[in-house]
Structures are given as structure tokens and as C-alpha cells.
Amino acid sequence: MGLIAGVFYIFACAVMPALARSDDRTYVEVMRDINVVIQNPVFLLSFMGALVLTGISAWQLRGAAPARWIWAALAAYALVFLVTMAFNIPLNNALAAKGSPASLREHFEGPWVAWNVVRAVLSTVALGCLTRALLVHGRFGRPS
């Protein structure tokens with residue numbers, strides 16, 4: 001979860017602001033390259049792994065003291081997953097289409113950046129919930 005929260009955070013704080021300084025052609029080319037390169041096994045393992053492992057943890061610790069924090073993390077990250085599928089990926093696909101770089105960028109940049117900030121916030125919330133779950137588990141999970 002920390003890795004994925006960090007990815008969305010660095011895009012929000014550095015990658016997209018840096019690209020915003022680029023001309024339209026460079027912006028579109030770089031984002032197209034990023035969209036191709038990020039589709040790799042390491043990112044996929046992290047992106048899907050955060051969801052799957054949080055779900056497994058929620059199931060295994062159901063009824064235990066930290067369960068509500070894990071379920072909250074799962075809900076927050078499920079929203080990240082949905083935002084990605086419903087907004088960011090379709091925007092990425094639209095950017096891959098033929099068209100003038102200025103027009104493509106105009107329809108892509110604002111919405112993609114906004115939805116990425118949503119993903120950064122929600123994945124950070126999920127990470128915070130999992131951290132709280134670990135603290136609660138450490139306090140109540142040890143035998144007396």
C-alpha cells in the first residue's frame with residue numbers, strides 16, 4: 001500500500017507539475033510513454049497486491065481488534081481501484097488516440113491530475129488505516 005500511495009503522491013507532487021511546464025507535443029509524448037511503461041509486472045503486482053493483500057488481511061482478522069481499520073483501508077483502496085478503472089485508464093486510452101497534441105492535452109490534463117490527487121489521498125488514507133491496524137493489533141494481538 002505504501003508503494004502505491006507513493007506512486008500516486010510523486011505523480012501529484014512532481015511528475016505532473018514538471019510535465020505541466022512542457023509544450024503540448026512533449027507532454028503528450030511523455031504521458032503516452034509513461035502509460036506504456038507503467039504496464040509492467042512490478043507495477044501490476046503492487047497495484048493489485050495492495051488490494052488483494054488488504055482483502056486477505058481483512059478476512060483473516062475479521063472479528064479481531066484491528067478489523068475495522070483493515071476494512072476501512074480496503075474500502076479506501078477499492079475506491080482507488082475504481083477511480084483508476086473508471087477515470088484514469090479511459091483518459092490514458094483517449095490520450096493514445098490520434099489528434100492534435102493541444103486538443104489531446106486539453107481533454108486529458110485537468111481531469112487526469114484531479115483524479116490522480118483523489119487516488120493519492122485515498123491510498124494514503126488506506127495506508128494510514130493499515131498503520132493504525134498494525135498498532136491496534138500490536139496492542140491487543142499479543143497473548144498476555
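Analyst: Start with the whole. This is a predicted model. The secondary structure of the protein chain comes to 5 helices and 0 strands. Along the sequence, the pattern reads α-α-α-α-α. Taken along the principal axes, the C-alpha atoms fill a box of roughly 65 × 20 × 20 Å.

The largest pocket holds about 490 Å³ of space. It is lined by 24 residues. Closest to the pocket centre are Ile38, Gln39, Phe43, Ile89 and Asn92.

Which elements give two or more residues to the lining? They are α1, α2, α3 (41-60), α4 (67-95) and α5 (101-140). Helix α4 gives the largest share, 6 residues.

What classes of residue make up the lining of the largest pocket? There are 15 nonpolar residues. Another 7 are polar, and 2 are charged.

Next, two of the helices that contribute to the lining, α1 and α2. Helix α1 covers residues 2-19, and helix α2 covers residues 24-37. Their axes come within 9 Å and cross at roughly 140°. Angles over 145 degrees would count as roughly antiparallel. The crossing of roughly 140° therefore makes α1 oblique to α2.

Which residues meet where α1 and α2 touch? From α1 come Phe11, Val15, Met16 and Leu19. From α2 come Tyr27, Val30, Met31 and Ile34. By class, the residues of this contact divide into 8 nonpolar, no polar and no charged.

A search of the whole structure finds 3 salt bridges. One of them joins Asp24 and Arg105. Their closest N and O atoms are 3.2 Å apart. Asp24 lies in helix α2 and Arg105 in helix α5, so the pair ties together parts that are 81 residues apart in sequence. Both α2 and α5 are also among the elements that give two or more residues to the pocket lining.

To put the picture together: the lining of the largest pocket draws two or more residues from each of α1, α2, α3, α4 and α5. Nonpolar contacts join α1 to α2.

Key:
Residues are numbered from 1 along each chain as its sequence is written. This is a predicted model: local features need pLDDT of at least 70, side-chain atom pairs count only at pLDDT 80 or more; totals for chains, interfaces and linings use all residues. Side-chain values use heavy atoms; hydrogens and water are left out. Axes are lines fitted to C-alpha atoms, for helices over the stretch in contact, and angles run from 0 to 180 degrees between N-to-C directions. Helices (H or I, at least four residues) and strands (E, at least two) are DSSP runs, numbered from the N terminus. Angles under 35 degrees count as roughly parallel, over 145 as roughly antiparallel, 65 to 115 as roughly perpendicular and the rest as oblique. Contact means heavy atoms within 4.5 Å. Ala, Val, Leu, Ile, Met, Phe, Trp, Tyr, Cys and Pro count as nonpolar, Asp, Glu, Lys and Arg as charged, and the others, Gly among them, as polar. On a 1 Å grid over the protein atoms alone, a cavity is a set of points where a 1.4 Å probe fits but cannot get out, and a pocket is an open set with protein on both sides within 12 Å along at least five of seven lines; lining residues have an atom within 4 Å of a point. Grid points are joined across faces, edges and corners, and a volume is the space filled by probe spheres set on the points. A salt bridge is a side-chain nitrogen of Lys or Arg within 4 Å of a carboxyl oxygen of Asp or Glu.
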